[in-house]
Amino acid sequence: MDSLTRTLPASWFCSPALYQLERRAVFLKSWHLLGPVTRFQSRSETVVYEIAQVTLLVENRSPESEGVDRDGIVVYAQEEGREIKSYITPSGLVFATLSLDTPSFEEFFSGLEELVNKVDFTKLPHRRSLSYEGRFNWKTMIDGFQECLHCQYTHPTFSKYYPPTFYSVTNHANFSQHMADPSKPSDGLFLYFFPICTLNVYGGGMSSFRTLPTTEPGVARMEFDYYHSGSDEEFEEYFRFVRQVALEDFELCEMAQRNLERGVYGEGILNPLKENGVAFYQQRVRALVRGEWDKVKREREKGSVKVEAREVGMEEGKAIAVL
Ligand SMILES: [Fe+2]
């Protein structure tokens, strides 16, 4: 049993201090998917993202007559003096960081471009976006996204199209590829980008969601963007289908979080085949948070941490001590 990966303990889904470690170790050091270039098709709209309490703004400054491509898209942080990095793939996906404290895009998402360059993301128009809060930790939602053991009983409609028997997840550098049927690798593109973004392309449509952490560990904000190349009717049919699946997941996450907060569930062992996607991302979180905690401890020993930071560190220590 020792060789099997254990889940992160329930305290990691409920601790404000642990979230502060995650914020520094995971969020400020990652690349985040903002969307395909068509998300910025409206020249009059500044699209606002708030990721881990950092606000990013995106504008499309190219003339309307030039259509939608990579030119003219500008990403910057709202906070004066905060420097960030941004990158647009040749296929038209826009990514950004929240600080300069990140590896290069190519290093962070090594091997991703070969995969996404098969799709032309400049061709699927943005149709609708939704944003609302849920009573769950960001990891509770990612746990569910990264496995499909729950699909058969939670998503009866989805399971009709994509029988979970064949479902598989392949993990790469900071991203995972989901395959509903490995014998049909060209049937859509389902991706998870560590830590909180996803992209699902299939059936003429595309959707992307971000599970955004708040400073309250039991609350996350879900943001969805929907794209479709078909008629209004076709889009609405696609939208109804994907919304159904999203609402089913939402309900499941709120119930799972209640169990985590009430101590009903502490920790467990992950299925090495069916939950390899969960193991992959949780291990990344665990390693990064531990590294950050070691840094805090070293700084405390050197006496170089200010009193407030030391107090935060003690709180974080309590959260991490359960490991
Ligand atoms: Fe689900």
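1. Let's start where strand E5 meets strand E6 (residues 93-96): 3 bridges join the two, and they run antiparallel. Residue numbers run from 1 along each chain as its sequence is written.

2. Now widen the view to the whole sheet. Its 3 strands lie in the order E1-E6-E5, forming an open sheet with antiparallel pairing; two strands count as paired if DSSP finds at least two bridges between them. Strand E1 (32-36) and strand E5 (86-88) each have a single partner strand, so one side of each is left without a neighbour in the sheet. As a reminder, strands of a sheet pair through backbone hydrogen bonds, either parallel or antiparallel.

3. Which residues does Val94 touch? Leaving out residues up to four places away in sequence, they are Leu34, Gly35, Val37, Ile73, Val75, Ser86 and Ile88. Contact means that the C-beta atoms, placed from the backbone, lie within 7 Å. Val94 is also, with Leu34 and Ile51, among the residues with the most contacts inside the largest nonpolar core, which has 71 residues. Helix H8 (residues 276-302) gives this core its largest share, 9 residues. A nonpolar core is a set of buried Ala, Val, Leu, Ile, Met, Phe, Trp, Tyr and Cys residues joined through C-beta atoms within 7 Å.

4. A second open sheet has 3 strands in the order E2-E3-E4, again with antiparallel pairing. Strand E2 (47-51) and strand E4 (73-77) are its edge strands, each pairing on one side only. Between strand E3 (residues 54-60) and E4 there are 5 bridges, and Glu59 stands opposite Val74 in E4.

5. The rule is 20 or more other C-beta atoms within 10 Å for buried, 12 or fewer for exposed, and partly exposed in between, with C-beta atoms placed from the backbone. Apart from neighbours within four places in sequence, Val47 is in contact with Arg39, Phe40 and Val58.

6. Turn next to helix H7 (residues 232-261). Its 30 residues reach 42 Å from first C-alpha to last, close to the 44 Å expected at 1.5 Å a residue; that expected span is 1.5 Å times one less than the number of residues. The buried residues of H7 are Tyr238, Asp249, Cys253, Ala256, Gln257 and Leu260. They pack against strand E7 (126-134), helix H4 (138-145), strand E12 (205-213) and strand E13 (220-228). Just after H7, Gly263 takes a positive phi of about 80°.

7. Helix H8 has 27 residues and reaches 39 Å, close to the 39 Å expected. Its buried residues include Phe280, Tyr281, Leu288 and Trp293.

8. Finally, a word on confidence. The chain averages a pLDDT of 90, and 93% of the residues score at least 70; pLDDT is the predictor's confidence in each residue, from 0 to 100. Over residues 307-311, pLDDT stays under 50. Where pLDDT is low, the predicted coordinates should not be read in detail.

Terms used
This is a predicted model: local features need pLDDT of at least 70, side-chain atom pairs count only at pLDDT 80 or more; totals for chains, interfaces and linings use all residues. Two residues are in contact if their C-beta atoms, placed from the backbone, lie within 7 Å. Helices (H or I, at least four residues) and strands (E, at least two) are DSSP runs, numbered from the N terminus.
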